[in-house]
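I opened the model and kept short notes on what I looked up. The entries follow in the order I made them.

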Amino acid sequence: KNLKNNAKLTVLIFSETWGVVFIFPMVFLISAPNWNLDLDLVLSIIGQGVTWTLAVGCLYNGLNSEKASTVYVMLGLSTVLGYVLQYFLIHITPQTLELIGATVIVLTILVVVWFTWRENAKMKTEESEQEKDEKLQLNSEGTPDGDDGDYWAETS
C-alpha cells in the first residue's frame with residue numbers, strides 16, 4: 001500500500017538495498033569468500049548495482065509507456081546483444097547452455113513478434129472493414145444536408 005505512493009526509483013533503491021542486506025551475509029554463511037576488497041572491486045560492485053537499478057527503472061518506465069510485447073522484445077534483444085558483445089569485444093566464448101538459452105530467447109522473441117504482428121494486422125483489417133461499412137451506411141442515408149447528390153464522392 002505504501003509502496004504505491006512512492007516514486008519508482010525510491011522503491012527500486014529500497015528493494016535493492018534490502019536485497020544486499022539479506023544476501024551479503026549469506027555469502028559468508030555458505031562459504032568464505034576468496035577475494036580481497038580493493039577499492040577497484042568495491043567501486044565495480046557499486047557501479048554494477050547502480051547500473052542494474054537504473055536498468056530495472058528503465059524497464060518499469062518502458063512497461064508503463066509501451067505495450068508489454070514491445071518491452072519484452074527489447075529486453076530479449078538486450079540479452080542477445082550482451083552475448084554478441086561479450087564474444088566480439090571481450091572474446092568470451094559462450095558455453096553450450098548459454099547458447100541454448102540465447103536461442104530460446106530469440107525464438108520467444110520471434111513468437112511474440114509474430115503474434116503481435118498478426119494481431120495488429122487483424123485489427124487493421126477489422127478497422128478498415130468497419131470504415132467501409134460506415135461509409136456505405138452514410139452513402140445509403142444520403143448527405144447530411146438532405147441532398148442526395150454525390151457528396152461523399154466529391155469529398156473523398
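In which helix is E129 found? I find E129 in helix α4, residues 96–141. Helices here are DSSP runs of H or I with at least four residues, strands are runs of E with at least two, and both are numbered from the N terminus.

Ground rules next. I am reading a predicted model, where local features need pLDDT of at least 70, side-chain atom pairs count only at pLDDT 80 or more, and totals for chains, interfaces and linings use all residues. Residues are numbered from 1 along each chain as its sequence is written, and side-chain values use heavy atoms, leaving out hydrogens and water.

**Overall fold.** I looked up the secondary structure and got five helices and zero strands for the protein chain. Along the sequence the pattern reads α-α-α-α-α. Of the 156 residues in the protein chain, 10% are buried. Buried means under 20% relative accessible area, exposed over 50%, and partly exposed in between, with a 1.4 Å probe and protein chains only.

**Charge in the surface.** I went back to E129. E129 is partly exposed, because its relative accessible area is 47%. E129 is one of the residues in a surface patch of negative charge, together with E126, E127, E131, D133 and E134. A patch takes residues with over 30% relative accessible area and no salt bridge, and joins like charges within 9 Å. The salt bridge ruled out there is a Lys or Arg side-chain nitrogen within 4 Å of a carboxyl oxygen of Asp or Glu. I noted that Asp and Glu count as negative, with the charge placed at CG of Asp or CD of Glu.

**Aromatic pairs.** I found three aromatic pairs in the structure. In one of them, W114 and W117 have ring centres 5.4 Å apart and planes at 35°, so the pair is tilted. Rings of Phe, Tyr and Trp (its six-membered ring) pair if their centres lie within 6.5 Å; planes under 30 degrees apart are stacked, over 60 edge-to-face, the rest tilted. W114 and W117 sit three residues apart in helix α4, so about one helical turn separates them. W114 is partly exposed at 46%, while W117 counts as exposed at 51%.

**K8.** I placed K8 in helix α1, residues 8–30. At 40% relative accessibility, K8 is partly exposed.

**H91.** Most residues other than glycine have a negative phi. H91 lies in the loop between α3 (68–88) and α4, and H91 is exposed at 63%.

Note on methods: Patches are made of residues with over 30% relative accessible area and no salt bridge: like charges are joined within 9 Å, nonpolar side chains (Val, Leu, Ile, Met, Phe, Trp, Tyr) within 5 Å. Accessible areas come from the Shrake-Rupley method with a 1.4 Å probe; for residues, only the protein chains shown count as cover.
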